[in-house]
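Hi,

Here is the structure I said I'd pass on to you.

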Amino acid sequence: MKYFFSQLFKDPAYVRYAIKKKFISPKSYSLESASSISDGNHYYLQAVIKATNNRKAFSNFKRDPAYNEILEHASHEEALASIEIIKNQTPELITNINDFRINDSVGGARCVEFDGLGMISPSTIRYMKVASDIISLFQNRIGENIVEIGTGYGGQYLILDRAINFSNYTLMDLNEVLELNVKYLESFVLNSYYKYSTLNQLGSEHNFDLVISNFAFSELPRDLQIKYVEKVLSKSKRGYLVMNSGNDNSVFTKGSPRWNDKPLHIKELEEMLPKFRQIEENPLTFPGNYVIVWGDDK
Ligand SMILES: C[S@@+](CC[C@H](N)C(=O)[O-])C[C@H]1O[C@@H](n2cnc3c(N)ncnc32)[C@H](O)[C@@H]1O
């Protein structure tokens with residue numbers, strides 16, 4: 001029994017679940033991982049590979065419990081709060097909600113009825129909320145070249161493609177995950193053009209107008225973060241990063257025992273990134289989360 005529990009708490013998926021359910025305090029656990037918190041969850045990568053290679057698994061991958069440990073787990077309450085923010089910031093996104101519902105048409109999304117909006121998944125609402133923040137922070141100065149670090153299945157890109165005008169989007173993630181992105185995105189007709197790249201494959205010629213990374217850059221170990229700063233973040237005029245590490249009270253600030261070092265602290269990020277400000281994550285999805293923004297109009 002003791003062995004069973006010791007193994008259970010080595011599984012990042014279980015630790016995440018236990019923190020969420022408040023069985024354990026986030027401060028008492030660090031997650032083990034090879035090259036990121038989600039990469040350390042081998043069940044997640046297995047689910048990704050299965051979805052990419054098996055038609056039946058692809059048709060329902062958004063409901064796979066192993067996949068849900070990392071993605072597609074936005075709550076109903078979070079979605080209700082997000083809808084109010086979107087209505088305030090960018091009512092046109094609500095008027096055009098049918099353009100965004102398309103994200104639920106592939107992968108077996110769990111849709112819920114929202115008053116006046118019909119059936120839509122809380123995760124699609126979350127991606128709409130990020131699009132709404134980006135429109136209201138950067139107005140019409142978003143630029144033509146957007147890069148996203150840690151793209152999930154490409155849902156944030158699909159929503160942005162429908163919500164704002166830009167030409168090029170670079171998706172950056174693990175190799176296996178990028179294959180799923182391609183399979184997912186090729187199910188749609190897009191307005192913009194995309195490329196995909198791992199950190200190692202990105203060419204040195206790249207400069208970006210906007211970098212986005214939600215719960216992804218902040219979950220990487222320090223050495224990878226430093227390379228992402230060097231190759232991507234420092235080459236981007238604007239930034240929008242939802243963070244769950246870096247501040248003293250953030251859940252992943254302690255990193256993982258397998259890593260040589262902790263993720264970058266906010267004081268270190270201040271030295272390395274273009275001059276940024278911190279804003280609240282709204283709605284707050286976990287205590288200690290925050291958003292880093294630079295190059296906006298405020
Ligand atoms: C918690 S998920 C967030 C996904 C997406 N941004 C969202 O909000 O739905 C973390 C993402 O980081 C990705 N990731 C893991 N290791 C990475 C790496 N070394 N480089 C880029 N992305 C990575 C995962 O595959 C996953 O897509």
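This is a predicted model: local features need pLDDT of at least 70, side-chain atom pairs count only at pLDDT 80 or more; totals for chains, interfaces and linings use all residues.

**Starting at one loop**

Arg110 sits in the loop between α8 (97-101) and β1 (112-114). Residues are numbered from 1 along each chain as its sequence is written.

Leaving out residues up to four places away in sequence, Arg110 touches Arg63 and Ser121; two residues are in contact if their C-beta atoms, placed from the backbone, lie within 7 Å. His73 is 37 residues from Arg110 in sequence, and their C-alpha atoms are 9.4 Å apart in space.

**The whole chain**

The chain has 13 helices and nine strands. Of its 298 residues, 43% are buried. Among contacts with a separation of 6 or more, 67% are between residues 24 or more positions apart.

**The core and α9**

Which residues have the most contacts inside the largest nonpolar core? They are Met128, Ala131, Ile149, Ile159, Leu210 and Val211, in a core of 60 residues. Helix α9 (residues 122-138) gives this core its largest share, seven residues. A nonpolar core, by the way, is a set of buried Ala, Val, Leu, Ile, Met, Phe, Trp, Tyr and Cys residues joined through C-beta atoms within 7 Å. Ala131 is in contact with Leu93, Ile159, Leu160, Ala163 and Ile164, if you leave aside neighbours within four places in sequence.

**How helices pack**

Two packed helices are described by the angle between their axes and the distance between the axes. For α9 and helix α10 (residues 155-163), the angle is about 50° and the axes are 9 Å apart. (Axes are lines fitted to C-alpha atoms, for helices over the stretch in contact, and angles run from 0 to 180 degrees between N-to-C directions.) That angle makes α9 oblique to α10: under 35 degrees counts as roughly parallel, over 145 as roughly antiparallel, 65 to 115 as roughly perpendicular, and the rest as oblique. On the α9 side, the contact is made by Ser123, Tyr127, Met128, Val130, Ala131 and Ile135, and on the α10 side by Gly155, Gln156, Ile159, Leu160 and Ala163. These residues divide into eight nonpolar, three polar and no charged. (Ala, Val, Leu, Ile, Met, Phe, Trp, Tyr, Cys and Pro count as nonpolar, Asp, Glu, Lys and Arg as charged, and the others, Gly among them, as polar.) Nine of the nine residues of α10 are buried, so α10 is largely enclosed by the rest of the structure.

Helix α6 (residues 76-89) also packs with α9, at about 30° with the axes 9 Å apart. The two are therefore roughly parallel to each other. Residues of α6 in this contact include His76, Ile83 and Gln89, and they meet residues of α9 including Pro122, Met128 and Ser136. The residues there divide into seven nonpolar, five polar and three charged.

Elsewhere, the axes of helix α3 (residues 42-53) and helix α11 (residues 175-185) come within 9 Å and cross at roughly 35°. Leu45, Val48, Ile49, Ala51 and Thr52 in α3 meet Glu176, Val177, Glu179, Leu180 and Lys183 in α11.

**Backbone details to look up**

Glu72, in the loop between α5 (65-68) and α6, has a positive phi, near 60°, and is not a glycine. Glu72 is buried, with 23 other C-beta atoms within 10 Å. Phe215 has a positive phi too, near 55°, and is found in the loop between β6 (208-214) and α12 (222-231). Phe215 counts as buried because it has 22 C-beta neighbours inside 10 Å.

Lastly, where is Pro283? It is in the loop between β8 (277-280) and β9 (290-294), and a cis peptide bond with omega of about 0° joins Asn282 and Pro283.

Cheers

Notes
A residue is buried if 20 or more other C-beta atoms lie within 10 Å of its own, exposed if 12 or fewer, and partly exposed in between; C-beta atoms are placed from the backbone. Helices (H or I, at least four residues) and strands (E, at least two) are DSSP runs, numbered from the N terminus.
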